[in-house]
Amino acid sequence: QVQIVESGGGLVQSGGSLRLSCVVSGIIFSTYDIGWYRQAPGKQRELVASFSSGGTTDYADSVKGRSTISRDNAKNTVYLQMDSLKPEDAAVYYCNARILLSDATLYSRWGQGTQVTVSS
């Protein structure tokens, strides 16, 4: 059974930093692509950053240069370091683990999310 647990969210002042953690169990972690997404009230869920099983990282333009995604396969954990936070970064941040199966279907699981609030 796949379990995804996010942590590290909270209230931070504008310009501050947070490090989010995503721990995934029940899978062969190193074979999965892991992504951080966020959803603000009234908005669609959007990709923030991703770290593929092959080591490729990708960032949304809105966080590029302010955020760093990293991965520790030995700990089944992906981190998202966010610096110079802005009020518009406030959202629920979700971790997603996914893999393309041999039959070409996409297996994807989500965590419950962690709230990030940025005060101006």
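This is a predicted model, in which local features need pLDDT of at least 70, side-chain atom pairs count only at pLDDT 80 or more, and totals for chains, interfaces and linings use all residues. Residues are numbered from 1 along each chain as its sequence is written, and side-chain values use heavy atoms, with hydrogens and water left out.

E6 itself sits in strand β1, residues 3-7 (strands are DSSP runs of E, at least two residues, numbered from the N terminus). E6 is buried (under 20% relative accessible area, 1.4 Å probe, protein chains only). E6 has no salt bridge, and R45, the nearest side chain of opposite charge, is 7.4 Å away; a salt bridge would need a side-chain nitrogen of Lys or Arg within 4 Å of a carboxyl oxygen of Asp or Glu.

Now for C95, which belongs to strand β9, residues 91-100. C95 counts as buried because its relative accessibility is 0%. C95 and T114 are 19 residues apart in sequence, with their C-alpha atoms 9.0 Å apart.

Strand β9 pairs with β10 (residues 106-110) in the antiparallel sense over five bridges; pairing takes at least two DSSP bridges. Within this pair, A97 has R109 of β10 as its bridge partner. The two strands form a hairpin with five residues between them, and A104 in the turn has a positive phi of about 75 degrees.

Note on methods: Helices (H or I, at least four residues) and strands (E, at least two) are DSSP runs, numbered from the N terminus. Buried means under 20% relative accessible area, exposed over 50%, partly exposed in between (1.4 Å probe, protein chains only). Lys and Arg count as positive and Asp and Glu as negative; His and the chain ends are not counted.
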